[in-house]
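I am opening my notebook for a slow look through a new structure.

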Amino acid sequence: MFAYVVRRLFIGVILLIVMSLVTFMLFFLMPQDPARVACGKNCSIAQIKQTEKALGYDKPALTQWVDFLQGVVVGREYPEDKTLREKAPELISDCAAPCLGYSRVNQVTVASEIKEAFPVSLSLAVLAFLMWIIGGVLFGVIAAVTKGTVIDRGIVALSLVFYAFPTFFIGLFLLKFIAIKWGLVDVPSYTTIAEGGIGGWLSNLFLPSLTLALFFMAGYVRMTRAFVLESMTEDYIRTARAKGLKRGPVLFKHTMRAALTPLVTMAGLDFAGLMGGAIITESVFNFNGLGKLVVDANVSYDLPTLIGLVVLLGAFVIVANIIVDVLYAVIDPRVRVA
Amino acid sequence: MSDQQLPMVGGMPGDDPTSRGGERLGAASQFVETERPHSAAQAHFDAEPILEVRDLRMYFPVRSAGIIRRTVGNVQAVDGVSFQVPKGGSLGLVGESGCGKSTTGRLITRLYEPTGGSIEFDGRDISKTSSRGLKPLRREIQMIFQDPYTSLNPRHTVGAIVGAPLLIHGILPKDKVLPRVQELLEIVGLNPEHYNRYPHEFSGGQRQRIGIARALTLQPKLLVADEPVSALDVSIQAQVINLLQEVQREFDIAFLFIAHDLAVVRHFCPEVAVMYLGKIVEIADRDSLYDRPNHPYTQALLSAVPDVRQAAVGGRRERIRLEGDVPSPINPPSGCRFRTRCSLAQEICARVEPPLLQIGKRHKVACHFAGELGHHPERPVTASLLGVDDTGTPDPGASPSIEVGNDPGYADTWFDLQRKTMAGA
Amino acid sequence: MSFLSVRDLRVHFPTIDGVVKATDGLSFDLERGKTLGIVGESGSGKSVSTSAILGLHRRTNAIVSGEILLDGVDLLKISDEDMRRRRGRDVAMIFQDPLSAMHPYYRVGNQIAEAYRVHHDVSKKAARARAIEMLDRVGIPQPDRRVDDYPHQFSGGMRQRAMIAMALINNPSLLIADEPTTALDVTVQAQILDLLQDLQRDFDAAVMIITHDLGVVAEMAHDVLVMYGGRCVEYGSTKEILTHPEMPYTWGLLSSIPEVGADPEAKLLPIPGNPPSLLNPPSGCHFHPRCTHRDKVPGDLCWTVSPELTPGTRGDGHLKRCHLANPDVVYEREVLPEIAPDLVEER
């Protein structure tokens, strides 16, 4: 098992390196000159040249990629160019160990941008994840055991509704009615636990998490229902019933364990994807999370931030994949490697 | 097959006998072709071999679980198998699951590339042919699969399935394909007008007929049938077996018939090979193998088959019990692979692998103590031939008296078990 | 009164297209220590009938009627909870494919012990000890070690042995074996059949064995019931049915399988056509569209009138469902010479 995890991690790191290379190359294929964007609108040609040197854009793309990797491992210093550093030593800014680049647009390192935005996205992801897993599995199982009845049809129809409406619609709808019109909760704005305590943190996160959760829950209800129904037709469920087991153990011990296995994969990957930011939800509620960072970086053509975010999101997904595979082996003895 | 899902069961639309109205006397007319009774197939021993397999081996690597995955062993799925199939004849391959019979079939259709040995088809060795070179070969060697439910693409019509090989190989122009497909459907006893239906509209037996029609499309010289009837209902099995016999007779196709059902193989094949853990333990013409089996495994296998007639007239045939399970093909037992479950096993069996020794005109057996049931010799018959003593240790005084090779065919002289000398016809 | 007495059992599944009569009026008796073989093809209703005895059909999709008297108690009249308590304790079942019939995620020993703990108020440890004892009884080597294996670590034969251990752990008085050896190799099948006979003697259980293989029936069963299209078409002692069958479908079954020990001159006579649809069964005798002897019956009786289950020509509790007036003569003169020429001379 240990060897398996190590092997997977090793492959994961290689995958990440390859992914960062591809991202680099893709961004440099774009027609715009990154130095010109970074410098600003009213730059002279000389200033652009200087920016280019300062950020290292004058080097070949491959060298820049190597510099980037080096920065991630040991950190790096800006400006890139030696002569510039000698000329103005007071402008040297240090980018410590996991250096993902320097955003000229925002005048900060990418790592510090992420550090600020990540807790927002993580809080949102965790809370939404809990809501949709609990709700999705619960309603999915209820629908499965009441298959064909009004309850089942109601749950399926409702989940279809939530699945069909776009997230921004549901988000705005909740914001407008629950927070603004009826005043049931305050208009949410992100508060850390340190600032508002757990209560404040939770109440501000509630609406955005619910918005996210409703969308995912709809899918999970339908999947849980399908998996449970499929699992009920398995031969070993018939065996369990033939033993004389009560309904409860047949459903919870035998049916659910088999039915929920495929959900683990989906849940792991969905969660990892969400940690990289919920673009629409964060924009609707004006939360400064990773999703909003992506949008802003896109608008201002902030290349270092974009590359840093893509690599980070890739790392999340790769790690989540490994965790899911390990979980699988825990759940299903057949997958365990000798 | 379970009939739990009964609500789904239904005949094919239009196949319901009651809906045929005035045609009721001819309700079974579409099966007329195969209703003719057939007795067991006859031998083609004099014919030239179309397929000659020599020392065929297939090892699948087993990898370690460590951080760096090394190959730590091999699953010896097929290990040194030799046989011949005569033109228009048929050889049966029987054995229990894991004995390598299906792998052998896939090697011959070159779905796998063999680890070693040669496969001579129609005079040329195809064991190493590149995948491009295999295309013409696919015309001549076709396969019929076990499961008629999963081996037909559910999204293609029957006409597309049966006609595809003609288009792929560019044999007929597009407009000539349909008549040929209809002709083929008629040959296998299906309604030629049903070419535009989908596989799910047919019953299991009819699907297997579609599979046979598909295999016949290119007029192959050799058909590898891997358990062609074992997924079918009892009453349908006979229909398909008879159809295969008819097809064989009519088109002069050679068959490699792979099955676990000894009775079906006996009916279909004039010659039968029994496999155990990747090796042929006994190969002979039908009568020798079924009436006078000489290998203890063949004897056990035959005695294990429940027999309606024996039991019906009271009294059951004495059964030879085989204890335990088949050993792992990753680490097969030394010497004779059957020795761990064999009641005759002695020291020599662990030390020396028994050669496939010819003991009759068309009868070879791989056992140190070969003999008919109840007449197994006390001392190993092979010892003197191999130049070892009775315990299997090399005997410096004795030299191997005959060449015991692994030839696919039969020699004109053989070792007479009774007289312990070479004999001839 | 027999130990198990089934009377006019019907299992109907209402569907959008109409009612599927999977079992349509089945009656038989079975004593303790005896074995009944139920023979039929897929869709003949044999598995559906036995699931009804175990009460496995859900009320929402199946209508079960008739009488199933086990030791005098009608299993169709008792409450669901009462039926559940009898399942696995009084009536146990073995299934066709032991790999899919065991839960892949739980250890073999736990699954067997679970069957014991449902019906006995004992500690986990005691149940485990009992599971090891049963594994030993069914011939699994090193049971105290194998008890902690998962099903996929067992071979096919061992899995079926473990299933038998699971079924017999509560000492049931009725054991239903649904195609117990179909998924197994012949030598393993022989081992399992021996084991079943051996255990039946020890446990004095009534056994129902469902199969499509007449060979298995011939070796195992005292009585045989042949099913076709949801109905019993022939019923009697095994010896009687196999030596003097009087229903053309049974003839077809006998003539369509090659036999290892048969005369090489014997011919393979398939039953033409396909098994009937249970949704839209043929009129009259369900078998008439595939029957090659229907012309011997005067008029269009076979097409219009469903034959009753009537005593055979030789008596002895032999029942058959056929309009033929002299099935014994037809069998001797026409069928036997084709399928077993060697037997004709012996008679």
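**Entry 1**

How much area do chain A and chain C bury between them? I looked it up and found about 2400 Å², with 56% of it on carbon and sulfur atoms. A reminder to myself: this is a predicted model.

Next I looked at who touches whom. On one side there are 20 residues of chain A, and they are in contact with 26 residues of chain C.

How many salt bridges does the rule find across the interface of chain A and chain C? I noted two. One of them pairs A:Lys253 with C:Glu114, and their closest N and O atoms are 3.1 Å apart. I also looked up polar contacts between chain A and chain C, and the count is 15 residue pairs.

Which elements give two or more residues to the side of chain A that touches chain C? My answer is helix H10 (235-242) and helix H11 (247-275) of chain A. H10(A) gives the most, with six residues. I then sorted the residues on this side by kind: 10 are charged, six are nonpolar and four are polar.

**Entry 2: chain A as a whole**

I stepped back to view chain A. I found 14 helices and four strands in it. Its C-alpha atoms fill a box of roughly 85 × 60 × 40 Å along the principal axes.

Chain A has 338 residues, and 45% of them are buried. Its accessible surface comes to about 17200 Å², and 70% of that belongs to carbon and sulfur atoms. For contacts in chain A between residues at least 6 apart in sequence, I noted that 67% join residues at least 24 apart.

**Entry 3: chain B as a whole**

Then I turned to chain B, where I counted 13 helices and 14 strands. Of its 425 residues, 55% count as buried. The accessible surface of chain B is about 18400 Å², with 49% belonging to carbon and sulfur atoms. Among its contacts between residues at least 6 apart in sequence, 64% join residues at least 24 apart.

**Entry 4: a covered helix in chain B**

How many residues of helix H10 (residues 296-304) of chain B are buried? I found nine of its nine residues, and I wrote the helix down as mostly covered. Among them are B:Tyr297, B:Gln299 and B:Leu302.

What covers them? From chain B, the cover includes helix H8 (262-268), strand S9 (271-276), strand S10 (279-285) and helix H9 (286-291). Helix H8 (186-203) of chain C is also part of the cover.

**Entry 5: two residues of chain B**

Is B:Thr217 buried or exposed? I call B:Thr217 buried because its relative accessible area is 2%, and the cut-off for buried is under 20%. I found B:Thr217 in the loop between helix H6 (204-216) and strand S7 (222-226) of chain B. A polar atom of its side chain lies 2.9 Å from the backbone oxygen of B:Ala213. Leaving aside neighbours within four places in sequence, B:Thr217 is in contact with B:Val162, B:Pro165, B:Leu166, B:Arg180 and B:Leu184.

My last stop was B:Asp287, which sits in helix H9 of chain B. B:Asp287 is partly exposed, with a relative accessible area of 38%. I also checked B:Asp287 against B:Gly409: they are 122 residues apart along the chain, and their C-alpha atoms are separated by 18 Å.

Definitions and conventions
Residues numbered from 1 in each chain as written. Chains lettered and ligands numbered in written order. Predicted model: local features only at pLDDT ≥ 70, side-chain atom pairs only at ≥ 80, totals over all residues. Heavy atoms only, no water. Contact = heavy atoms within 4.5 Å. Buried area = accessible area lost by both parts, 1.4 Å probe. Salt bridge = Lys/Arg side-chain N within 4 Å of Asp/Glu carboxyl O. Polar contact = N/O pair within 3.5 Å; in protein donor to acceptor, adjacent residues only side chain to side chain. Nonpolar A, V, L, I, M, F, W, Y, C, P; charged D, E, K, R; others polar. Buried < 20%, exposed > 50% of the residue type's maximum accessible area, 1.4 Å probe, protein only. Areas by Shrake-Rupley, 256 points an atom, 1.4 Å probe, with all protein chains shown as cover.
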